[in-house]
Amino acid sequence: MYRFFHKYLPYGCICSVLCMIVESINAIRFSTAIEGTVILSDIAMIMILTIACYVIDFYDFKSYRSYFFTRYVILFIIFMIAYQLFFTIPFSFHGVFNLWLIYTVNILLIQAYVNHTVVKETAQMNALLQKKKAEKN
């Protein structure tokens, strides 16, 4: 649970805030009111994807490429199902393409955060190892 609360939940929250910002920009751009149900649906969908990502990460993949591609496909299928449950969209090429675009942007944002966290933790570990090595000498 430590990994879920310290790695997965924060980027789920970051994406939720970004969704709220996008909804606000769209409301200003199109002169419409922001509906709370739309924002709650976005947040629910992001949390569903975050939990699914957490579950997928328990499987040990042979390479990072197979892990990323498998996670991308599985999460896209979950995203399509969740989007159909929470929102009404026409099931056409244009609708699926828009969903794919939204999904890809979300996954890239999450991946950027994860990469940032890994680099930060690696730098902290290297600094700690250097400090311990300097103390031994």
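## Helix α4 and its buried residues

In helix α4, the residues G95, L99, Y103, T104, N106, I107, I110, Q111 and T117 are buried, where buried means under 20% relative accessible area, exposed means over 50%, and partly exposed covers what lies in between, with a 1.4 Å probe and protein chains only. The helix itself is a DSSP run, since helices are runs of H or I with at least four residues and strands are runs of E with at least two, numbered from the N terminus. Helix α4 has 44 residues and reaches 63 Å from its first C-alpha to its last, which is close to the 64 Å expected at 1.5 Å a residue; the expected span is 1.5 Å times one less than the number of residues.

This is a predicted model, in which local features need pLDDT of at least 70 and side-chain atom pairs count only at pLDDT 80 or more, while totals for chains, interfaces and linings use all residues. Residues are numbered from 1 along each chain as its sequence is written, and side-chain values use heavy atoms, with hydrogens and water left out.

## T104 and its polar contacts

T104 is found in helix α4, and T104 counts as buried because its relative accessibility is 15%. The side chain of T104 makes a polar contact with the side chain of Y72, at 2.8 Å, and a polar atom of the T104 side chain also lies 2.8 Å from the backbone oxygen of W100. A polar contact is a pair of N or O atoms within 3.5 Å; within protein, one must be able to donate a hydrogen and the other to accept it, and residues adjacent in sequence count only if both atoms are side-chain atoms.

## Aromatic rings

A pair of aromatic rings is described by the distance of the centres and the angle of the planes. Rings of Phe, Tyr and Trp (its six-membered ring) pair if their centres lie within 6.5 Å, and planes under 30 degrees apart count as stacked, over 60 as edge-to-face and the rest as tilted. By this rule the count comes to 11 aromatic pairs. The rings of F68 and Y72 have their centres 6.4 Å apart and their planes at 25°, so this pair is stacked. F68 and Y72 both lie in helix α3, 4 residues apart, which is about one turn of the helix. F68 is partly exposed, with a relative accessible area of 25%, whereas Y72 is buried, with a relative accessible area of 19%.

The rings of F79 and Y103, with centres 5.4 Å apart and planes at 40°, form a tilted pair. Because F79 lies in helix α3 and Y103 in helix α4, the pair ties together parts that are 24 residues apart in sequence. F79 counts as buried at 1% relative accessibility, and Y103 is buried as well, with a relative accessible area of 0%. One aromatic cluster is formed by Y59, F61, Y64, Y67, F68, Y72, F76, F79 and Y103.

## Open pockets

Rolling a probe the size of a water molecule over the atoms shows where empty space is left. On a 1 Å grid over the protein atoms alone, a cavity is a set of points where a 1.4 Å probe fits but cannot get out, and a pocket is an open set with protein on both sides within 12 Å along at least five of seven lines, while lining residues have an atom within 4 Å of a point. Grid points are joined across faces, edges and corners, and a volume is the space filled by probe spheres set on the points.

About 410 Å³ of space lies in the largest pocket, which is lined by 18 residues, with C19, V22, E23, D42 and I102 nearest its centre. Helices α1 (2-30), α2, α3 (64-86) and α4 each supply at least two residues of this lining, and α1 gives the most, with 6 residues. By class, the lining of the largest pocket has 14 nonpolar, 2 polar and 2 charged residues; Ala, Val, Leu, Ile, Met, Phe, Trp, Tyr, Cys and Pro count as nonpolar, Asp, Glu, Lys and Arg as charged, and the others, Gly among them, as polar. The second largest pocket has a volume of about 310 Å³, and of the 14 residues that line it, Y8, D57, Y67, V114 and V118 are the closest to its centre. The largest share of that lining, 7 residues, comes from α4.

## Closed cavities

The count comes to 2 cavities of 30 Å³ or more, and the second largest cavity has a volume of about 40 Å³. The second largest cavity is lined by C15, I46, L49, N106, I107 and I110, and α4 gives the most to this lining, with 3 residues.
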